[in-house]
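The sequence and structure come first.

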Amino acid sequence: MTERAPALFDADALRHTALATVGVPAVAAPTIVLGSRQDAALLDAARIARDGIGLRRRRGGGGAVLLRPGDCWVELWLPAISGPVGNDVRVLACRVGDCWRAAFEALGVRAEVHRGGVERADQGAIACFAGLGPGELTVGGAKLVGLSQWRVREGVLISSVVPRDAQRELAGYLVSPWGAPSLLDSACLEDPSVGIAPTALADGFVDAVRHEFGELVVRADLFR
C-alpha cells in the first residue's frame, strides 16, 4: 500500500478560525486513521480492501487508530490569539486530559490522567492505543483516551478518541514486524468498568473545555 491516504478533514481551514472551536464528528464506516508521519506500508492492503475498511490521515502525529461509528471522537481547535495555548505540549495535553477526566467523573467513571513521559513509545508510534502519552487517560491501568496534537503558528488542534469497542482488532491490519501486542490491554466505552454513552461523554467534555478555556464555538462543518 503505497498511495497517500486522504486527509481526515481539511485541517488548514482551522487556521483562519479565530475562536476556540470544537467538533464531534463521526465516520460512516470503520476507518483506519494514520498519524501524520506514518507510512501506509505498515498496513495489510489486501485485508483492508477485503473488509471494506476506509483509510485516512490526520494532521497530528502518533500511531494509527481504528475509528468506528459510535466512537467518541472530538476535535478541539485552540487559536493562539485566544490565550491559553502555550508552547508546552505536555502542559496543554494534560489540561485537555483534565477536561476528559472531569467528563468521566460527572458520569460516575474514575479515570486517571497520565502526566509523565511517553510509555511504550515504539509501540505507540505504530498504534496509538499501544502506547501512553501525556494527557491521555487510563481506567484500571488500561488506556481509554488517545490524544494527538497538530501545532501551527495560528494555534493547536487537539484530536481525541475514546473508542466504543476495543482497539485490538487494529492489530490484524498491521504488517509491521513489531506488531502491537499491548492493544490487548486497551479499554473502551463498552467495558463493564466504563459503560457510558459516547454522546453523553462528548457533551460532558465540551462543557469541561468551556469551563477550562472560556468561550467555545461548537461547529460540525469544519471537521468533515
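## Sheet and central strand

Strand β1 (residues 21-23) is joined to β5 by three bridges, and the two run antiparallel. Helices (H or I, at least four residues) and strands (E, at least two) are DSSP runs, numbered from the N terminus; two strands pair if DSSP finds at least two bridges between them. The model is predicted: local features need pLDDT of at least 70 and side-chain atom pairs count only at pLDDT 80 or more, while totals for chains, interfaces and linings use all residues. Residues are numbered from 1 along each chain as its sequence is written, and side-chain values use heavy atoms, with hydrogens and water left out.

## Burial of β5

Strand β5 (residues 72-79) is largely enclosed by the rest of the structure, because eight of its eight residues are buried. Buried means under 20% relative accessible area, exposed over 50%, and partly exposed in between (1.4 Å probe, protein chains only). Cys72, Val74, Leu76 and Leu78 point one way from β5, and Trp73, Glu75, Trp77 and Pro79 point the other way; all are buried.

## Cavities

A search of the whole structure finds two cavities of 30 Å³ or more. On a 1 Å grid over the protein atoms alone, a cavity is a set of points where a 1.4 Å probe fits but cannot get out; a pocket is an open set with protein on both sides within 12 Å along at least five of seven lines; lining residues have an atom within 4 Å of a point. Grid points are joined across faces, edges and corners, and a volume is the space filled by probe spheres set on the points.

The largest cavity holds about 130 Å³ of space. Its lining has 14 residues, with Arg58, Val65, Ser148, Ser159 and Val161 nearest the centre. At least two lining residues come from each of β4 (65-67), β5, β8 and β9. By class, the lining has eight nonpolar, four polar and two charged residues. Here Ala, Val, Leu, Ile, Met, Phe, Trp, Tyr, Cys and Pro count as nonpolar, Asp, Glu, Lys and Arg as charged, and the others, Gly among them, as polar.

The second largest cavity holds about 80 Å³. Of the 14 residues that line the second largest cavity, Phe9, Arg58, Arg59, Gly60 and Leu157 are the closest to its centre. β8 gives the most to this lining, with three residues. The lining of the second largest cavity divides into six nonpolar, four polar and four charged residues.

## Largest pocket

About 510 Å³ of space lies in the largest pocket. Its lining comprises 25 residues, of which Gly62, Val118, Gly133, Glu136 and Leu147 lie nearest the centre. α2 (89-106), α3 (121-124) and β8 (142-152) each supply at least two residues of this lining, and β8 gives the most, with four. The pocket lining consists of nine nonpolar, nine polar and seven charged residues.

## Aromatic pairs

The count of aromatic pairs is three. Trp100 and Phe104 form a tilted pair, 6.4 Å centre to centre with 40° between the planes. Rings of Phe, Tyr and Trp (its six-membered ring) pair if their centres lie within 6.5 Å; planes under 30 degrees apart count as stacked, over 60 as edge-to-face and the rest as tilted. Both Trp100 and Phe104 lie in helix α2, four residues apart, about one turn of the helix.

Trp100 also forms a stacked pair with Phe205, at 4.0 Å centre to centre and 15° between the planes. This pair links distant parts of the chain: Trp100 is in helix α2 and Phe205 in helix α4 (residues 198-213), 105 residues apart. Trp100 is buried at 0% relative accessible area, and Phe205 is buried at 1%. Trp100, Phe104 and Phe205 form one aromatic cluster.

## Cysteines

The disulfide count is zero, where a disulfide is a pair of cysteine sulfur atoms within 2.5 Å. Cys99 is in no disulfide; the nearest cysteine sulfur, that of Cys94, is 11 Å away. Cys99 is buried, with a relative accessible area of 3%.

The sulfur of Cys128 lies 14 Å from the closest cysteine sulfur, in Cys72, which is too far for a bond. Cys128 is buried too, at 9% relative accessible area.
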